[in-house]
Amino acid sequence: MDSLGWLLLGLVVGAIVSVLVTRKLAQKEVSTENSVSHLLSSHFHPLPLNNITITERQFPFRMRADLQREIDRVFGGQIHIRHFCGVRNEYSHESVTLTGCISQSEHNPTISTPPEYEELDIGEDQPVRVLKNGLWLLEKEGLKFVVLLSPAGHYGQITGIQYQVGTPNTPEGTQIVQSFFNQLEESVLKAESYRGKILSLEESRHSYSGQSKGIKVHQLRHVERDQVILPEETISLLERNVIQFVKQRDQLSRFHQATRKGLLFYGPPGTGKTHTIHYLARALEGHTTLLISAEQVGLLGEYMTLARLLQPSIVIIEDVDLIARNRSNMNSACEEVMLNKLLNEMDGLNEEADILFILTTNRPETLEAALASRPGRIDQAIEFPLPDETGRMKLVQLYSQGLSLSEDNIKEITSRTAEVSAAFIKELLRRIVQFHIEANGIGEITHSNIDQALNEMLFQGGNLNLKLLGAANNQA
């Protein structure tokens, strides 16, 4: 019985070992079939892989929408796609490379996978599907070559898009490489996905919609020329230094005059600086607008690269006093570094750069003299004062559209809002409507609605409320 038992045990163990060996061989065979090295060898056969040449270019990560569009155009023409797939290296933290694909590793081979895409928001009706990584086995006029796309970066952070092209080491192979990279470079220089739009750079990779960003495209509210309510002298300065300046750029260039310009919008809060910028961003057709908030000044170099690439462009820095106040009021070397970066970028521009700088501040007296008092950086300061009586009447008419407001009511609001900002009047009209709704009012706005709204805004909230609403000096 003992002998029979050992015999049965031996048969069972042998069967298990046989199954395991068979499975391992099958897995190895599947792994070999899926390995990128095997795909490359089959594609270039009978040419040995050590006879191909690999050429590499890296492009900015934020330009991947234009790169993807160009890839779709290039590979949709005379180039025949023999095979396309995604690629993956299981354990490596480095980007996949063609050299790594060719150098077959038994323990960690680079294998083919389904391609992965992400949707990139470029401010249009449909996002762009951009490939995260991929391998194309290609043929053009009988010559076989490959293209590998993979992310590039340092220390785990993606900073660019890497393209590697593998071709036979022949003049024809070299020509294909040069043609391919020239087309990609032209697509980046054209920047069709972002040119003429209103942009800011995003540190976060994705939005709440799940779409990837990198560059955020803004949809600013539509502001018409007659909705810019400012004194005539302010309007005249804007027209001459912005609208007319842009129209005259070609003539200025012929007379060897600079086509770049720096403007400073200053005045109390709520007087229309941002509102006017919204108008200018749409009025200057063909211009790319870059919006830089104070906390993004660390990305100023990248912003300026985009401004040069996408010119004619407008670079807007709101509340510039947060990063460009007088050096004597600075508390750290980091603040001075940010200020110097701004000064150098504005001063280092080529005079033929078609770039408008528009800086805004509520506290012009705090600005560093090297910025505010240096033509070539700031060429014109434009004051945005509190609206006068005529301006207040126009603002009431602007913000009361859709309401039934009598001429007497308009005059009352105008007379009782001396020394307030445009933003105050906009909020006042909303409060008037609220009181009208609460009184179950229909038809015309009443004197009581106006009186209640003014009382709440000017008196019940105290001095702090007056200051917050832009009416600190109001005595109504």
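Axes here are lines fitted to C-alpha atoms, for helices over the stretch in contact, and angles run from 0 to 180 degrees between N-to-C directions. Keep that in mind for the helix pair below.

This is a predicted model, in which local features need pLDDT of at least 70 and side-chain atom pairs count only at pLDDT 80 or more, while totals for chains, interfaces and linings use all residues. Residues are numbered from 1 along each chain as its sequence is written, and side-chain values use heavy atoms, with hydrogens and water left out.

**Whole chain**

Start with a cartoon view: the chain has 16 helices and 14 strands. These are DSSP runs numbered from the N terminus, helices being H or I with at least four residues and strands E with at least two. Of the 476 residues, 44% are buried (under 20% relative accessible area; exposed is over 50%, partly exposed in between; 1.4 Å probe, protein chains only).

**Helices H6 and H8**

Select 232-247 for H6 and 273-283 for H8; their axes come within 11 Å and cross at roughly 35°. Which residues of H6 meet H8? Leu 238, Glu 239, Val 242 and Ile 243 do, and on the H8 side you'll find Thr 276, Tyr 279, Leu 280 and Ala 283 (contact means heavy atoms within 4.5 Å).

Stay on H6 and click Thr 234, which sits in this helix. Is Thr 234 buried or exposed? It counts as buried because its relative accessibility is 5%. Show its neighbours: leaving aside residues up to four places away in sequence, Thr 234 touches Ile 382, Glu 383 and Pro 385.

**The open sheet**

Next, colour the 7 strands that line up as E9-E8-E11-E12-E13-E10-E14, an open sheet with mixed pairing (two strands pair if DSSP finds at least two bridges between them). E9 (215-218) and E14 (380-383) are the edge strands, each with a single partner, so one side of each has no neighbour in the sheet.

Now zoom in on E11 (residues 288-292) and E12 (residues 313-317), which run parallel and are joined by 5 bridges. Leu 290 stands opposite Val 315 in E12.

**Helix H12**

Finish at 389-399, helix H12, and show its buried residues: Gly 391, Arg 392, Leu 395, Val 396 and Leu 398. They span an arc of only 160° around the axis, which puts them on the same side of H12 (the arc is that of the directions from the helix axis to the C-beta atoms). What do they pack against?
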